[in-house]
Amino acid sequence: MHESCGVVGVYAPNEDVARLTFFALFALQHRGQESAGIASADGQKLKVHAQMGLVSQVFNEESLSKLTGHIAIGHNRYSTTGSSRICNAQPLIVGKGQDALAIAHNGNIVNSRLLYQELLDKGYSFSSTTDSEVIGNLIISVPGEMVSKIRYTMHRLQGAYSLTMMNRDRMFAARDPFGIRPLCLGTINGHGWVVVSETCALDQIGARFVREVEPGEIISIGPDGLESYREPSPRHAICIFEYSYFARPDSTINGRLVYQARQAMGARLAEEYPMYADLVVGVPDSSTIAAKGYAQRCGIALADGLIKNRYIGRTFIEPDQRLRDLGAKLKYNPMPQVLDGKRIVLVDDSIVRGTTTPHVIKLLKKAGAKEVHMRVCVPPIRYPCFFGVDMATRWELIAAQKSVEEIRDFIGADSLGYLSIDNLVKAVDLPSNSFCLACFNGEYPIPVQMDMEKLSLETHLHRHSPTQDYK
Ligand code: SF4
């Protein structure tokens, strides 16, 4: 399961905004590893540098020094619409001259196909295959000043979007009316503003957290300071997986530290599905905190029974089923010295397709584990996500096809317990109507067509060089 992106925006006269953006992107690397980019503005022109790869691979002293100005936005990408290609690396630039706008987007637009066609009919061209460019072109397609353009666009968009944007002299941020993806605001050095996907990026660059960007909010920052505008928000619906999986544990979302939420998930899982066992093992890295919570609540020792090879590339392990199967072996190494003869509780953050879990359990048993009792920090995933999480189609979701007992049998566990929706929500400790829980209960905050295809604009694809100037 992969998240779509991390976004950054920095407005700070007399600061090295590109370098600040670089370090903020570095802190958000977990949100996307396919490509990274930064655009900057100095009041006269926009510049952008974006390439495939990790933040540390994409930027060096030379590329950062070219990104001059007092505004910068940045982006880490994991593709959800549009393929993994350089043309889809963000920030994207739409428009020309005075109208040029740089945009960085985290989320997924449900009605982008319709809007794309409408824009094509009006004569707009596309250089990427992403829904983010649909947003950008929609913004520049209407007359007026920027905030009213963004406002119009928000009325037309259905889906998830946390955006940072800039033109030559102002920075903007916007969040969809449900607040499906996180976005927060901070200050830096007393005179600058920072907008980032997660608070860990504020900590990284020494910025001070001010508040969340509210669902439905538009922020506009210029020489005259920060202005805020609100569109109506029918209800808040942050993706619950931000707490269980996507966000960094040291980030705080809606006042709740992700680390504490994960620990509470493990503790509630132990209350719901206790087990007499010798050891609790978390599937590294995303489940180790929940495993700690489980172990503490049950009074069982926590052990590192699986060691993760952190340097294995996603593209290497995922292209087909055969390599996916091999992937578990390449990714995790079990330690027989720790596991031999032991009854293990294995804690994982989710089971999506169920393709990796049987291999992990097999690895543990081969290493001598006597029993493996699987515990999952979220309920069974029965519905796909249309809001920016690259999960699977309904057809591929194991819990949409099999009962819990059939899944237990399929993965080869001695027992299987999923955290209930009720306990998941209690673990995060926010009101139950604050979340999107659609992949568990099918209640999407926005109507979606279940047979929706992902946007594919490949025919309109053309490459652009990594560094471009837009005057
Ligand atoms: S459908 Fe699931 S993964 Fe997608 S936003 Fe909602 S809770 Fe998150």
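Predicted model: local features only at pLDDT ≥ 70, side-chain atom pairs only at ≥ 80, totals over all residues.
The secondary structure of the protein chain amounts to 18 helices and 25 strands. Of its 471 residues, 58% are buried, and the chain exposes about 18500 Å², with carbon and sulfur atoms supplying 50% of that area. When contacts between residues at least 6 apart in sequence are considered, 71% of them join residues at least 24 apart.

Strand 4, formed by residues 71-77, is largely enclosed by the rest of the structure, because seven of its seven residues are buried. In a regular strand the side chains alternate between the two faces of the sheet. In strand 4, Ile71, Ile73, His75 and Arg77 point one way, whereas Ala72, Gly74 and Asn76 point the other way, and all of these residues are buried. Strand 4 is joined by seven bridges to strand 1 (residues 5-11), the two running antiparallel, and within this pairing Arg77 of strand 4 is the bridge partner of Cys5. Seven bridges also join strand 4 to strand 2 (residues 35-41), again with an antiparallel course, and here His75 of strand 4 is the bridge partner of Gly37.

A further element of the model is an open sheet of six strands, in which the order is 5-6-7-8-12-13 and the pairing is antiparallel. Strand 5 (92-94) and strand 13 (225-230) form the edges of this sheet, each pairing on one side only. On average, and with direction ignored, neighbouring strands of the sheet are turned by 20 degrees against each other. At the end of the order given by strand 13, six bridges join that strand to strand 12 (residues 217-222), and the two strands run antiparallel; Ser220 stands opposite Glu227 of strand 13. Helix 5 (residues 131-140) lies across strand 5, strand 6 (101-109) and strand 7 (159-166), and its direction makes an angle of about 125 degrees with strand 6.

Helix 4 (residues 112-121) has Ser112, Leu115, Tyr116 and Leu119 among its buried residues. These four residues lie on the same side of helix 4, because they cover an arc of only 105 degrees around the axis. By contrast, the face of helix 4 turned away from its buried side carries Leu114 and Asp121, which are exposed. Just after helix 4, Gly123 takes a positive phi of about 100 degrees.

Ser244 is located in helix 8, which spans residues 241-246. With a relative accessibility of 2%, Ser244 counts as buried, since the limit for that class is under 20%. When residues up to four places away in sequence are not counted, Ser244 touches Arg262, Met265, Ser286, Asp349 and Val378.

Key. Residues numbered from 1 in each chain as written. Heavy atoms only, no water. Pairing = 2+ DSSP bridges. Axes fitted to C-alpha atoms, helices over the stretch in contact; angles between N-to-C directions. Contact = heavy atoms within 4.5 Å. Buried < 20%, exposed > 50% of the residue type's maximum accessible area, 1.4 Å probe, protein only. Areas by Shrake-Rupley, 256 points an atom, 1.4 Å probe, with all protein chains shown as cover. Arc of directions from axis to C-beta.
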